[in-house]
Amino acid sequence: MNNKESVSGSVSLLRSLIEEGTDTIFGYPGGAIIPVFDALFDYKQKLRHVLVRHEQGAVHAAQGYARASGKVGVVLVTSGPGATNTITGIADAMIDSTPLVVISGQVVSPLLGTDAFQEVDIVGIAQPVTKWSYQVRKADEIAWAVAQAFYIAASGRPGPVLLDFTKDAQVALTNHYYEKCTSIRSYVPVPKTDKDNVRKAAELINSAKKPFALIGQGVEIGKAEQELIDFVEKAQIPAAWTLLGASVLPFDHPLNKGMLGMHGNLAPNLKTNECDVLIAIGMRFDDRVIGDVNTYAKQAKIIHFDIDPAEVGKNVDIDIPVLGDVKKTLPAVTKLLKQAEHDDWIESFDIVNGEEYEKVIVNEIYCDKEYITMGEVARRVSEKTDNKAIIVTDVGQNQMMAARYTNRSYTRSFISSGGLGTMGFGLPAAIGAKIAKPDRTVCLFCGDGGIQMCIQELGTIMQSNVKVKIVVLNNRYLGMVRQWQEIFFNKRYSETPMLNPDFVKIAEAYRIKGRRVSKRDDLDEAIKEMLDHNGAYLLVVDVEKKGIVLPMIPAGMNANNVILEKITF
């Protein structure tokens, strides 16, 4: 709380952000938001503004900041195209449960609905992809609206909120008084936990011979990493993770059995259809994980821990839902669990993963092919950082290879676009992650296609001196689409070959040091140079042009249809 003081709406907005603990804003100015940027001139000591080069980049950077820090990311843009340019990032944040407050400027209230210059109904446009969208037309509403926005964005299942500020609200005077929001009538962010279901879940796990845990980003969002470890260790439950849950469980934990999904590890996918109790924790049974729903884990009883009731039973039938805050529900079940041993079951994962190692992994990261492979680049970068870097990816083959072949020692160390699969996400998200965690090494893996979608954000790196390490895996194709064309479309490579610019020269134009490597013998030295350099660095690695991410379970099929070697249907 604070004492009332008459200030402009713009000052009220900035003070409200400070009250919520905001220290960084990603944005781009324009006519309809000028009063806020003018007020920001006097708040530079408390609020860092990062000037991006495109509003989509602002949202992705705020996502990277939020995902790395656990705080709410904040975006500030103007009306019209400035606001509409944020929609892709907002949609990405919505499906990946990333807390954001996106603030847009708007024309003055009397001009609303007149098709005024740079007027657009951004509230209406954003409603399907936000938790809440609201237009502020009076300065007296500002403190209230910001408090509501932060509470909604961060509570329950997190997500993006959009606040649209008319210009007259920004300049009018208001008696500023701020009080944080702690509840909203009819909004229940955390559902009540059924104690009977907690008991039933524990009993089912205690009776299991082959329990298996599926770990999602919800554990990370709920800050329940230690609670998860206590849970799986007590009952000796092997665990696998979704793409966005990649850094929840330390890579070297003996119960960590790898990645789920289309390009996940062989054992977790096959064992899903062998376990007798399947325990989903903070994951939403995405189609890339379940494949053919008609054959998915039909032999198993399924327990689902989640904070969002809408996810329970949405894609897969659930036997026991455990709703609530996972930081509380996991310990409640763990308390009722018996110490267990499932040595033979756990060992069976290692046997199957051994098959994948021989057929896939050896050929990817310990190969003697003519060309460097994506997997070996990812593994070598990870090893050179002692597996302690924050790994950020773009979307495509680079994303899958980074998920499979980098190792994570700490939580909040893998940042990628999951549900929406947004090419262009990686570069600005890496900027945001590095700003959130300046003392951590941040390594971005991206393809030659994705890097060009938001390549202008190299300007943000230059102006804000963000020391990110960028690895461009250059295969001269839109690699993942080409992979599908090779396997499913008779090698008809329609519009996937890429004629690329000289990325190193582009980086140098932005005063960023760069290097290109095409020979395996130069790779380790180049990676060391990149990591040792005191500043941003762009490393282009010419990799195998027609590399394939394996294993691969074709879309809509089950784990028994897994592809372990190159074939064409």
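Student: How many aromatic pairs does the structure hold?

Tutor: This is a predicted model, and it holds 11 aromatic pairs.

Student: What about Trp132 and Tyr134, what are the centre distance and the angle between planes?

Tutor: The ring centres of Trp132 and Tyr134 are 5.2 Å apart and the planes are at 20°, so the pair counts as stacked.

Student: Is Trp132 buried or exposed?

Tutor: Trp132 is buried, because its relative accessible area is 18% and the cut-off for buried is under 20%. Tyr134 has 22% relative accessibility, so it counts as partly exposed.

Student: Which residues form a cluster with them?

Tutor: Trp132, Tyr134 and Trp144 form one aromatic cluster.

Student: And Tyr477 with Tyr493, what kind of pair is that?

Tutor: Tyr477 and Tyr493 are edge-to-face, with 5.9 Å from centre to centre and 65° between the planes.

Student: Where do the two sit in the chain?

Tutor: Tyr477 is in the loop between β18 (469-474) and α20 (479-488). Tyr493 is in the loop between α20 and α21 (503-509), and the two residues are 16 apart. Both Tyr477 and Tyr493 are buried.

Student: What lies over the face of Tyr477?

Tutor: Arg482 does, at 5.7 Å from the ring centre of Tyr477.

Student: Back to the loop between α20 and α21: where does Pro501 come in?

Tutor: Pro501 is found in that loop, between α20 and α21. Pro501 has a relative accessible area of 33%, so it is partly exposed. Leaving out residues up to four places away in sequence, Pro501 touches Gln452 and Ile506.

Student: How far apart are Pro501 and Asp448?

Tutor: In sequence, Pro501 and Asp448 are 53 residues apart; in space, the C-alpha to C-alpha distance is 9.4 Å.

Student: Now pockets. What volume does the second largest pocket have?

Tutor: The second largest pocket has about 520 Å³. Its lining has 22 residues, and those nearest the centre are Lys257, Gly258, Asn265, Arg404 and Asn407.

Student: Which elements give two or more residues to that lining?

Tutor: They are β11 (256-259), α15 (343-365) and α17 (397-405). The largest share, six residues, comes from α15.

Student: And how does the lining of that pocket split by class?

Tutor: The lining of the second largest pocket has 10 nonpolar, six polar and six charged residues.

Student: What lines the largest cavity?

Tutor: Its lining includes Gln397 and Met401, along with Glu364, Asn475 and Glu544. By class, the residues lining the largest cavity are five nonpolar, four polar and two charged.

Student: And what lines the second largest cavity?

Tutor: The lining of the second largest cavity includes Gly261, Asn265, Leu270, Pro551 and Val562. That lining divides into seven nonpolar, four polar and no charged residues.

Notes: Residues numbered from 1 in each chain as written. Predicted model: local features only at pLDDT ≥ 70, side-chain atom pairs only at ≥ 80, totals over all residues. Heavy atoms only, no water. 1 Å grid on protein atoms, 1.4 Å probe; cavity = no way out; pocket = protein on both sides within 12 Å on 5 of 7 lines; lining within 4 Å. Points joined across faces, edges and corners; volume = space filled by probe spheres on them. Helix = DSSP H or I, 4+ residues; strand = E, 2+ residues; numbered from the N terminus. Nonpolar A, V, L, I, M, F, W, Y, C, P; charged D, E, K, R; others polar. Phe/Tyr/Trp six-rings, centres within 6.5 Å; stacked < 30°, edge-to-face > 60°. Buried < 20%, exposed > 50% of the residue type's maximum accessible area, 1.4 Å probe, protein only. Lys NZ or Arg CZ within 6 Å of the ring centre and 35° of its normal. Contact = heavy atoms within 4.5 Å.
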